[in-house]
Every structure is written in C-alpha cells, then in structure tokens.
Amino acid sequence: MDLLAQILVNGTLLGGLYAVMALGLALVWGVLNIVNLAHGAFIMLGAYVSWHLYTYLHIDPFLGLPITAVVMFALGYALQRGLLNLIVRAPMFNTLLITFGLEVVLTYLAQLAFSADFRTINPPYAGNSLQWGPVVLPVARLGAFCMAIVLTLGMWLFLLHTRLGRAIRATAQNLVAARLYGVEPRHLYAVTFAIGIALAGAAGGLYGTVSQINPYIGASLTAKSFAIAIIGGLDNPLGVIVGGLFLGIVESLTTLYIGPTFADVASFGILVLVLIVRPTGLLGKTA
Amino acid sequence: MSLNRSRLLFSLLAACIAAAPAGAALAQDVVLGASVQLTGPVANTGRYYRDAYQLAIDKINAAGGVKITGQSHKLALKLYDNQSDVNLSVRQYTQLVSQDKVNLLLGPFASNFALADSAVSEKYKVPMVQGGGASDQIFARNFKYVFGTLAPASNYFGSTIDMLKALKTPPKTVALLYADDAFDVSVAEGTRPMLKKAGFDVVMDERYSSNTSDFNSLLSQIKSKNVDVVLVAGHETEILNFVRQAKSLAVAPKMYSFTVGVPSEDFRKALGKDADYAFGMTAWLPTPALKDRWFGDAAQFAKEYKAKFGYDPDYHAASGVADVEALVQAMEDAGSIEPQKVRDALAKVKFDSLYGPIAFAANGQINLPQVVIQVQGDSLAEIYGAKGFVKQPKYPMPAWNAR
C-alpha cells in the first residue's frame, strides 16, 4: 500500500514536469498551427541556459527561470520573425520539414558549443526530500511540479484575461476578423511562438534539476510533449496539465505492475486510443 | 588579368600532376578504416575511440611505423562519423572497404554497432579489431573476421559477485536492472545464473527501455523490497539519472554497482559528491605494471593521453589503443598487409600491451578479468581483483542524509 502511494506520488510529480514541457508545444500548435518538432531542442537549450546560470553565476535554477525564459523568449521571437513566419500558412508538411531541420541544427550547434559531455544542474538541495507519512517527496520534483501548476494557470489566465492573450486567441480562431480589429499577425505570431519557446526554456531548467542533460535529449522530449498535447487537447492549457498527469501516473503504474519496458508502450498506446476515441483530447471540445 | 588567372590554373594543374607520384607513394601507407560516434547521443564515449586510434597511430608512426619484411610503412586513419546511427555506420564500413579500399578495419563503439558492422567485415573478408563491443552475441556467430578487445559482457559482474561472497557480512537480496540492448541483455543473461549459483535472492529482475530517464518507480520498489545490492547494466545517461533520483528519493541500498560510467571522469564530474560509494568495474587501470612496446607502460600512456586531449582515458581508450596495436602486431607477424594473412595472424597473436595481455579466443573475443572499483571520495579505488581484495570497500553505503 505504501508502495502504491509512493508510485502515485512519483507519477503525479513526473506528470507535472511533463505538463510544463508540453505547454509551449500545445500553445504554438493551437495558435500557429505549427507542430514544432524542434520543441525538445528548445527544452534542451533552456536546460543549458540554466546550467550556465547556475554553474558560472551561481544563480539558483528555480530563481534563474525568469532569466532563462527571457533568453529563450528573445530566441523564439527572432526565429519566428526571421524564419517561421515564412511558413505559417504553408502546408503542414513544410512546417514539419523546417522545424525538423531546426531541431537538427540546434542539436548539433549545442554539441559544438557545449560538447557531448553530460551535465547536471545540481544545487545542494536537489537531492533533498520531504517525508510525508510513508511517502517521500523529492524537493526538486516538488518544485518543478509547483512551477508547472503556476505556469499553466498563469498561461490560462493570460489567454483569458489579457489583451494580448485575447488577441492570440482571436487570431487562432479567425485570422481575417482579428486583422479587421487591428491585430498585426506577424508580430502576434512571433510573440506567441516566443512565449511557447520561453515555456520550453523554463521546462528545460526544471528538467535539468531532476535529470541529466546533453545535446541529444531533445528528440524524446518532443515525442513526449507531442503525446501529452494530443492526450490533453490543444485548446485549453488545463488539458495539458491533465494530459501530463495522466501520462505520468500511467507510466509509473505500468512500470510497477507490468514492467519498465512497457512504460513507453503504455503512453503511446494511450495516445492512439485518445486519437481514436476523442481526437480533440481529453479536455478538448468535442467536434 | 584573365591571362594571369589561366596561368595560375595551369600551374595548379601542373602541380597536381607533379604531385601524383607522391600520392602513389602515399598509397603504400597502411590505411586503417573506422566509423565512430563523434556526434549523436553516444558521442561522449565515441570520442575515446577516435582519440585512442589517433594517438596510437601517431605514436607508432613516430617510432617508424609498421615493419613488414624489413620495410617501414606508415599508418593512416580513415575515420567517419556515424552520428550514433547504426544504419549509417554499416554504410560507412561498406564504403570503407568497397570504395576507400582501406587495408584493415578498426571498430566502432558499442555492442549494437559492432554487431551490425562486423557483418560488413565478414562479407568482405577484411579483419576488424574492435574494442567497443562486449556483447557475447557478437562472437556467438562463428564469424572469422571480427576480433574484440573488451571482456565478455556476460562476465562484467563476475568479479563483483565474487567480491560480494567474500564480504564479512554478505548481502542477501539483489536487484538486477538492465537496458534492452545487445550489451546490457548479455550482461543480464550472464549475471543471472551467477547470482543464483552464489546463493543470492534475486528479488527484482527488470528490463527497462534504453534512454529511460525516470527511475522513480523502480527506485521506490527497491526501497520497499529493502534490497541489499542493486546491479545496473545500462548507459551512462541512465546511470546518472538513477543515482540522482536515488538520492532524491532517499533510496540507499547497501551498495549499487554499474557496468559503465564509474571509471570515466565525466561521470564523476557530473555527479560531484553524489558519485561517492558507487561501485563499478574496469578491465584496465593505468598502472605502470602494464608494459607496452610503444608507450612504455599504461601510466605513461595515460599521462600522454590526458596531456593531448585534456581528459583522463578510461578502459575504452586503452581498448582502442590495443586494437591498433593488435593490427600492427599481426601485420608484423604475418609479414604482410593482406587481409587474409593478417586475419590468420590475429587469431594467433600474443603480446603484452598497455591494456593487458592480448590474445584472442577461438571465437575472436579476448578474456580479461574485471577489477571491481569504487568511487571513494574524489578518487577511484581498486577494490577487488583476481587475487582478492586490494583495498577495503566502503560497504554498506551510508544513508544519503548521513554522508
């Protein structure tokens, strides 16, 4: 029983991390209709930014998240204005091609810049844990989980209640009408993409506190984020939280009851199931 | 202007033609071909092989090269980056033998690569000496042209299990975790019967997917089953995550031991103090006792390696050097660079290297004992070898909050 409780807690904390990884992907996909295959590479870059902040400037990885986010925001804005705006209205295949290329370029640039060595963001408290009855709560994961909730709720409130957020949603719903109301789409696209990348960067910083980083972690993180975004649904940030938690818990339970090799089978099995039964995601509006 | 340019072109052309005989003279060099992971997820270990091959070749050339029937030949290296992609590496080995016409082959890193690439050397009947693949599968196919300088994967944990039995208070329960690839599956298949024979109670025997980054569920089970000893056969990335997550979940078995990572400097650097108490194994340590024809001894080699590349060599690097030396020795023994003759000489080769005594069994694999090592403080301690304890192990490992 204690073990089951611990496994559920593990899954929940893992799910929080998953959710924050998928948040930016879901936003960019939902609004710009770009499936960003470079998403994981941005998570990786965010992890490196945090690593450098911590290693050379001794900035705590959690306190440094806003800096990481700002750096990644600037990168995201520049990439959208300079590159991705070219393909916003192009067929899906072109966007896949260009973001895939971006993923390869970013990954290899990262190896050139940072080498293939493994790094960890390892502040003294990273290995600490809290005891809650029979259950152990790792501090770094708990922090990442809380941050995931904060970011997701913040995202939700931002989209619902701010001018910029409304403009983003309006553009996603009806570009022509949004234009008539004075929205400048190129700038708006760039801001949206930049927010998505900033979120990916923050996720990377959190990821680095619980896992090792190297230039090649991106591809599998993209796949995971993709699955979560589909499972949760694209039109609601809360869906991403649900998708992330669901996946985290399912993977942990699969590891316990069936075996660790089946964790990925389970998560992608669920992805397929959701696509068949509820193609708009668990929290998505039914078509 | 244009006259000048055409004159320049002409003289360049002339220079090329003049250089052609020199090129032909170069063709007498013995070219060793290899495809190694210089980029991609395993680049971190792949670089040991690139650096080791290059250093060994430079060293041998500086000493006059390979002496074949009284004539000196220089060694050259033709190296491709397989980007950590098995399919690409197979194509590159095919290119090396069919297009580039290299004389002999050196291996890639990792068992799944060696498993696939050795099919090329077998098909073209060009010997490949590889120091990066330990899986028994590579040598179970009766191939004639692949030789391996890593100790058999099935016996990686052999010395560790011997040590466990020799402890004053031996452990009772053991967990065996392994990744689902050629090397780690071989390790598990070899370890399982040894554990049974030694009388340990194997309470967990779990196979996980390569590149798993989350070990929390497995660690929670280890804790709840109160496992004494955890043996993990996996990749360095996984093991780093495993140790960090063990700490964050306060899981402290009496000991844990890993097939890879512990001997490498990068592992200890990434984990810092958390690497302390981790057990591992190596078939090689840079001791002056290992004498070598070209480097003097293993300690000397380690010094030169570190000076040149800026990081400490581990057994991968030593194994890579041994590959080059084995080919050179075999060419000299055969008095030829013909692949068939070199192959036959390799099968009989016997010499002392900085990596240890080199001699291949009938299946092409070397047999070297593994030494149990442990991170103790900032250094790597040699704990248990063929002759028993060298240094006392720090066992059991203290709880994380008691360090």
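This is a predicted model: local features need pLDDT of at least 70, side-chain atom pairs count only at pLDDT 80 or more; totals for chains, interfaces and linings use all residues.
Residues are numbered from 1 along each chain as its sequence is written, chains are lettered from A in the order in which they are written, and side-chain values use heavy atoms, with hydrogens and water left out.

Contact, meaning heavy atoms within 4.5 Å, links 36 residues of chain A with 36 residues of chain B. The area buried between the two chains is about 2,900 Å², and carbon and sulfur atoms give 50% of that area; buried area here is the accessible area (1.4 Å probe) that two parts lose on being put together, summed over both. Of the area that chain A buries against chain B, 21% is supplied by A:Phe118, A:Pro260 and A:Thr261, more than by any other three residues.

The interface holds 2 salt bridges, a salt bridge being a side-chain nitrogen of Lys or Arg within 4 Å of a carboxyl oxygen of Asp or Glu. One of them joins the side chains of A:Arg141 and B:Asp214, at 2.8 Å from N to O. Between chain A and chain B there are also 17 residue pairs in polar contact, with both residues at pLDDT 80 or more; a polar contact is a pair of N or O atoms within 3.5 Å, where, within protein, one must be able to donate a hydrogen and the other to accept it, and residues adjacent in sequence count only if both atoms are side-chain atoms.

Among the elements that give two or more residues to the side of chain A that touches chain B are helix H1 (2-32) and strand S2 (135-138); helices (H or I, at least four residues) and strands (E, at least two) are DSSP runs, numbered from the N terminus. H1(A) provides the largest share of that side, 5 residues.

S2(A) is joined by 4 bridges to strand S1 (residues 129-132) of chain A, and the two run antiparallel; strands pair if DSSP finds at least two bridges between them. A:Ser129 stands opposite A:Pro138 in S2(A). The two strands form a hairpin with 2 residues between them, and A:Gly133 in the turn has a positive phi of about 60 degrees.

A:Thr120 is found in the loop between H4 and S1 of chain A. A:Thr120 counts as buried because its relative accessibility is 9%, and buried means under 20% relative accessible area (1.4 Å probe, protein chains only). A polar atom of the A:Thr120 side chain lies 2.6 Å from the backbone oxygen of B:Ala270.

Definitions and conventions: Buried means under 20% relative accessible area, exposed over 50%, partly exposed in between (1.4 Å probe, protein chains only).
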